[in-house]
Amino acid sequence: MGLTAETIERSQNAGTAVRDIYLPPERKKISGGGVPHVSAKKFSIYYGEFEAVKKVNADILSKYVTAIIGPSGCGKSTFLRAINRMNDLIPNSHTTGALLFDGEDVYGKFTDEVLLRKKIGMVFQKPNPFPKSIFDNIAYGPRLHGIKDKKTLEGIVEKSLRKAALWDEVCDRLDKNALSLSGGQQQRLCVARTLAVEPEILLLDEPTSALDPKATAKIEDLIQELRGSYTIMIVTHNMQQASRVSDYTMFFYEGVLVEHAPTAQLFTNPKDSMTEDYITGRFS
Amino acid sequence: MIMSGEELSSQGRSSAFVVSARQRKWQKISKTAGESTLLLIASFVAIIVFFIFFFVTRDAVPYFQIRGFKEFFTSTNWYPADDPPGFGALAIIYGSLMVTVGSALIAIPMGITAAICLSDVIPFSVRQYVKPVIEMLAAIPSVAFGFFALVILAPLLQNFGGTILMWTWWVIVSPFLLLAIIVASELLSAKVSDEKKRKRLHTFLSVVLGIIALGLLFFVGNKLQRIEILTGTNALNVSIILSFMALPTIVSVSEDALQAVGRDLREGSYALGATRAETIVKTILPAASSGILAAVILGIMRALGETMVVWMASGNSSHIPSPWFNYLESVRTLTATIAGDMGEADQVTGSARFHVLFAMGLLLLVISFICNFISERIIVRQRKVLSGQ
Amino acid sequence: MNLGTRKLFDRAFTALGFGSIAIMGMMLIIVLAPIVSKGVSAIVFRSTVEHRKMLYSEFHRGNRVSLEKEIAASDAARRPVYEMLSEFEAELGLMDEDKQQEYKAKLDQVRTAIKALLGPLPGESEPALTRFKYGQNRWEKAEEKLKELVYEKQWDYSNPDIAAKEYFVSRATAFEGTSLVRLFPYVEKNIDKMLLPEWTFYWGFITDSSVDSHIFGGIWPEIQGTFFLALGAMLFAFPLGVIAAIYFTEYAREGFITSLLRSANSTLAGVPSIVFGLFGLAFFINTLKVSESKSVLAGSLTLAIMILPTIIRAAEEAILSVPKTYREASLGLGSTKWNTIVTVILPAALPGILTGGVISLGRAAGETAPIIFTAAVSVGSAIGLADVFSSPTPALSWNIYNLASEHEAAAEIRHVQYGMVFALISIVLMLNLSAIVLRARISKKLKG
Ligand SMILES: Nc1ncnc2c1ncn2[C@@H]1O[C@H](COP(=O)(O)OP(=O)(O)OP(=O)(O)O)[C@@H](O)[C@H]1O
Ligand SMILES: [Mg+2]
């Protein structure tokens, strides 16, 4: 088992677009969506000498949910974090090729990564609320970007919490320490915190791996709610989750994007034999 | 409904994350400026260290220019106020050495055993209460220890010195003797193969060795009791107090070293049927030895550099005790000399009398620098070894 | 070795460890117990009427009417003593030359002892030094002085092998057959009527300034000086230390410069405290001339560089213990690095940073050697805030040394020394205690 030269060749020289949109009946088409929001062009990410993501070509379509799957260590997180330049935190990591967001190079000379991260929000594997009150957690981003007015902030906090389906649970204790919430609530709080800065893209790195099934279901519902308003990318190890929540799926193996297709197609009729082996659980 | 990237940007959607070249340049400049400011502030410490060496050396050099090196290091005539003056610091250096060694003799065994006890013996719940004790011991100001040494310990030593020495001897030595008797009689009788004979020999040996040990205890104890301590402000007093000031450092740094050894090694040893003492002595201590060495060096440094206790309670007489190991005599140390003589030397800035104190300071500074350097190297090396690099 | 012996060794080994820890705990108690008990007695003690007189005339405290009543009562009890003295003087005039000589010296001793006990004799001119204006302020001291009056200390040199031993003889025997014999039993019996001891809580010990170099009064100038010096040192060292720690943890890239700076930090931590004193004298006073001579400013600066490494280390540790996820979350929301540090990392690290700061504050307050040449004076009144740039100050740590080792009446004012040590230890341990409490709250807060 391993990558064949053919697969690599196809992956690294393919066009970026996912042309054929095939959505099962239960997933509605989104009007105004479906334009390439993020495009990777022969995009590689290195840790020192090590090429963790290899010459990826892909278009991530706007307003739809894209899942990223693949065995552990294949570069899913690396790719995701590259999109809002979180990898800048890691010393001596660098990229080659191009990554476009709204047609502009994310790694271009004139990119302000702070403004970029405002547009591209991220939720991490483990819920990581700040040790502040719930209100201050949500208001953190807006305050950073200059909103001081108490009324406006309150409005933003409520709106974000509602969007994250958390408002009803916490509306009477906004001044409590966020760390006193349950794990699932904390994770939705993190989503709300991200939504409060009004990003265009939401990156979720295994957002449910630290949660129990019930909390997981809530997050999945939330993703369905947000679909159509945000471009969402979610890394997951759970094949069922990927097929439940996503419209498109990317399958990575050892840093190579093996297959990128509509979810329904990828799970029922994979083009690559590696993909088939992986989703049928022949290796992991 | 699918559009390519080019189409998108031609539609003029916001690319809010891209800034103009000028803005970017300003961002870069302010970032570099900010980081340089931080670096400047962080290098303040290095600048100070340099300044300390520079200024202390600057005021020490004139002494050696006036009087040369030989007298300072070889003579014991310390009469800086006389005419002609004597600047022989040998006895003073020796005094520093003496109290440092004395306190190390007390603090090292106690500190290491206490650290072992803390890291390997005491359950976590008890440890929570022991740690504050050590921290409090570390927090007590040196002048309070000095006051204790001068006002409480010194009169005690002077009035009841012999008795105190005797009891210390008994309390400390008798458990060790007892242990030695048991082990020795066992080892000596182990060769006899007949069970009955061996038991008899064992009892016999125990009794004989016990009598010898008791005799030794009383003989030495009596001798000690008859000792008259002429002055309570002496090297022994100072060594005792300094050892307690060095202890917290030794304990906490060695405990860190012991903890760093990790559970695997411990479990490996226990799994082979070793007792706790054997595990510690044969496995953990060797692995942590360099860290413990660093702890000891740091602890000793505290004793060497301590001023107030020695100034108040060492008696401040600059002579080499006779015999050279007589801890019951007064001594004088470098730190106490600097503290005590500066007041009078102050007015005569420029004279050898003023600069000789800086020479002493330089000596202390150099010693502490070397010790610090060594201990730091040791700690770094141990960390590397333990992390398997 | 058989198993039994091995086990025995194991036990002995354990006992050794416990023994060491027990000795450390005992040492702490042995040091603290007398300091606390005798330190408290500087504030709570049985004061005599002399103490109240002193308070009234030196500090204008006390009730005039009741004090006058007390003085009248004690004078009534004292009158017979003075009468006996003058009676004996008259008797002395009638004796022959030899006897006169013999008694005169002894009478002088008695007079001195009475003056020490009760204050100046009636009809004497007002003494210049305040310490001679009043009798014994404290009852336990009065009892000591009484013993000196009634008994004479003599030395026994009969055994040349050992040091001379002291013994006491009653003074009354020396005056056998004269009228003065009656004086000793009278004083012994009526001493409490002459001095009227009563329990007092002398809070002025903390808030009063000293009178006649600590013979009377309190230790406020020292306490204030200690606070000035320690807070001044903090003012310089704390911001510097925290910023340096931020640099080391967030910005420094591993390399030659960083490791050099780190070594400098540990070198500074190892410099003996007296060398800081020398440096402060040579640099701040003689070179920079921050002040003419010793000053609070020079002392604070010297103390500041002494505690800098501790603060840096504590702050570094606190910042490093802030979870990485906070950093990511904040940056992910579009925060700048500096903003992240200020709004997320520092608040989360604050308890740890403060713990280090508070412990350093305690160290600065307790340290003596660095301020000997740079800031401390033995006697002086409390200085104003405006004077910190130019004038030196008394400070607890230095004055403990000074009173215990260099004061001309060190043995007479042990209670003041104990009180000072107690005050200093209380300040330092209180700071450390609050540090421990702070630290306990960190984990609580981070757990939610
Ligand atoms: N900071 C780093 N420095 C060096 N190599 C790294 C670093 N982070 C990740 N890697 C390497 O890059 C590769 C991809 O890592 P990545 O975290 O993206 O995997 P992943 O697909 O997210 O795995 P998982 O499913 O376990 O989260 C791995 O081989 C990993 O060892
Ligand atoms: Mg991952």
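How many salt bridges does the rule find across the interface of chain C and chain B?

Reply: The rule finds 2 salt bridges across the interface of chain C and chain B; a salt bridge here is a side-chain nitrogen of Lys or Arg within 4 Å of a carboxyl oxygen of Asp or Glu. The model is predicted, so local features need pLDDT of at least 70 and side-chain atom pairs pLDDT 80 or more, while totals for chains, interfaces and linings use all residues. Residues are numbered from 1 along each chain as written, chains are lettered from A and ligands numbered from 1 in the order written, and side-chain values use heavy atoms, without hydrogens or water.

Glu278(B) and Arg6(C) form a salt bridge with their closest N and O atoms 2.7 Å apart. As for the interface as a whole, 83 residues of chain C are in contact (heavy atoms within 4.5 Å) with 85 residues of chain B. The two chains, C and B, bury about 7,200 Å² between them, buried area being the accessible area (1.4 Å probe) that two parts lose on being put together, summed over both. Of that area, 81% is on carbon and sulfur atoms. Three residues of chain C, namely Phe13(C), Met24(C) and Leu278(C), supply 10% of the area that chain C buries against chain B, more than any other three residues.

Over all chains the count comes to 40 salt bridges. Lys145(C) is buried at 10% relative accessible area; buried means under 20%, exposed over 50% and partly exposed in between (1.4 Å probe, protein chains only). Glu148(C) is partly exposed, with a relative accessible area of 44%.

Glu412(C) is partly exposed, at 30% relative accessible area.

In chain A, salt bridges that share partners join Glu169(A), Arg188(A) and Lys218(A) into one network. Another chain A pair consists of Lys159(A) and Glu198(A), whose side chains meet in a salt bridge at 3.6 Å, N to O. Lys159(A) is in helix α5 (residues 150-163) of chain A and Glu198(A) in the loop between α7 (183-195) and β7 (201-205), so the pair ties together parts 39 residues apart in sequence. Lys159(A) is partly exposed, with a relative accessible area of 44%, whereas Glu198(A) counts as exposed at 52%.

Terms used
Helices (H or I, at least four residues) and strands (E, at least two) are DSSP runs, numbered from the N terminus.
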